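Please keep the sequence and the structure in view while reading.

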Amino acid sequence: MLNYTPVMGAIVAALLTALPAHANTSEAELQQLRSQVQELRQQYEQRLQALEARLNQAQQATATPGTVPAAAATTTQAATATFPSATRKGNSAFNPAIGMILTGTYANLSKGPENWELSGFNLGGDGHGVGPGKRGFSLGESEITFSANVDNLAYGALTLGLDGDNEVEVEEAFVQSTALPYGLTLKGGRFYGALGYQNEQHAHTWSFVDLPLAHQAFLGGQYKQEGAQLKWVLPTTQYVELGAELGNGSAFPGSDRGGNGLGATLLSARTGGDVGDSHSWRLGASWLRTQAQERAWGLAHDHGHEGEADHEEASFTGTSRLWVLDGVWKWAPNGNAKRTNLTLQGEYFWREDAGTASVPHNDHAHEDTYRSRQSGWYVQGVYQFMPQWRVGLRHDRLSSGSLRLGDGIATHYAAHEMAEPGYNPKRTSLMLDWSPSEFQRWRIQLNSDQARQGVKDTQFYLQYQMSLGAHGAHAF
């Protein structure tokens, strides 16, 4: 409720000033004055309540990209950028907001990264965020974001990722509605899909240097959708958000099929709330169904010498289904996270691939049925024990699950080491970071990586991140 006391005081003072100066004012006149003041107070309160209701409705209809209404802001902020002002003054107001993230890393790896793999899993995707990275100093992925309101109906954003190999990637390029009623938000273009919790977050918002193993195994890094997304925040006191996405399905675990039809469907549901003044939480569930046509993966054969690996191309054609459950719990004394706070986060992945596989052998391709069921999870905690300093612990574990192959490729299966089940990769990570301001962060991280069967890789990282220019609010 807005504070009306100063305004009411001014109104009462004005009324008292209008009273006759003599002291023999009748009781009837005083009662009439009291009635007028009371009536003004009631009218003012009703007007404020009406304005607050309209404000809440407007916030639901024109929420910042990925955010939720103000009533759920403490538990469900999912914005990666905030809207610039809709009021344009002067020619410079037509310029988009520009923000840059600069990142660099030093990596000390006890085992060569050339032969890194997740034993028992077929890797795919564009390679970004997969594996331990390069040894020594390297320029990490830097980002440039352009964003602005198109008009009173739409908002647009473009994020470019630049890696250390001088390659440029369009991470996100989308337009999003700002004026749909009933808590609806429509987005179109390329964007990170609402698949679990961390997938929608850009790299500079991660709490660790690298992605969890589950994201690397099941998404090939991060899942980008090219299509349309509709989200609906239900008009309930409990925050509930439902989402649906339709896309071309070209991103891993799907593939580019070259057709006119839709290749991927993604459904999501989220809810959250506060527990007292110091705790907040969010739970989510999502489901992805995508199609793959001759989806290729590299089969790396380690001959016992680091840096030497032969690569052969196998392929999968069929349907991939992925289920993700996620949860986040945050604690800050009386809701003030500036000095100290704690965040617990976890996700569980379960994927089923069903179709046919083609495996090369002696200049021939053997093709038959292929079906696999695999899962993985991670849990992490990040504790800010004093201003500017945080410590975090994360544990990853994957289950290679079960694999069923047709006779046409089963006889050649062992020779090609085609995602042989039986080994469950795991990793434990410890990190410490220092943020002298909201625009700068330095981080050290130590991994005990057992992604490769029979190989333990001790990985040490030193990372810096710098933020320049405009920068919007981060996710809850």
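## Basis of the model

The model is predicted, and local features need pLDDT of at least 70, while side-chain atom pairs count only at pLDDT 80 or more, and totals for chains, interfaces and linings use all residues. Residues are numbered from 1 along each chain as its sequence is written, and side-chain values use heavy atoms, with hydrogens and water left out.

## The chain as a whole

The secondary structure consists of six helices and 17 strands, where helices (H or I, at least four residues) and strands (E, at least two) are DSSP runs numbered from the N terminus. Of the 476 residues in the chain, 43% are buried; buried means under 20% relative accessible area, exposed means over 50%, and partly exposed lies in between (1.4 Å probe, protein chains only).

Among the contacts with a separation of 6 or more, 64% join residues 24 or more positions apart, a contact being heavy atoms within 4.5 Å. The accessible surface of the chain is about 23,600 Å², and carbon and sulfur atoms hold 56% of that surface; such areas come from the Shrake-Rupley method with a 1.4 Å probe, and for residues only the protein chains shown count as cover.

## Nonpolar cores

A nonpolar core is a set of buried Ala, Val, Leu, Ile, Met, Phe, Trp, Tyr and Cys residues joined through side-chain atoms within 4.5 Å. The largest one has 19 residues, and those with the most contacts inside it are L118, L195, F218, Y223, L322 and L398. At least two residues of this core come from each of α4 (213-219), β9 (264-275) and β11 (309-331), and α4 gives the largest share, five residues. Apart from this core lies another, of seven residues, including F316, V359, L403 and I409.

When residues up to four places away in sequence are not counted, L118 touches L123, L213, Q216, A217, L398, P425 and A451.

## A nonpolar surface patch

The strands β13 (364-386), β15 (426-437), β16 (440-450) and β17 (457-469) each supply at least two residues of the patch. F460 is placed in β17, and this residue is partly exposed, with a relative accessible area of 34%.

## Two buried polar residues

R427 lies in strand β15 and counts as buried, at 3% relative accessibility. Its side chain makes a polar contact with the side chain of D210 (3.2 Å); a polar contact is a pair of N or O atoms within 3.5 Å, where within protein one must be able to donate a hydrogen and the other to accept it, and residues adjacent in sequence count only if both atoms are side-chain atoms. R427 and P212 are 215 residues apart along the chain, yet their C-alpha atoms are separated by 9.0 Å.

S255 is found in the loop between β8 (239-247) and β9, and at 9% relative accessibility S255 also counts as buried. A polar atom of the S255 side chain lies 2.7 Å from the backbone nitrogen of Q293.
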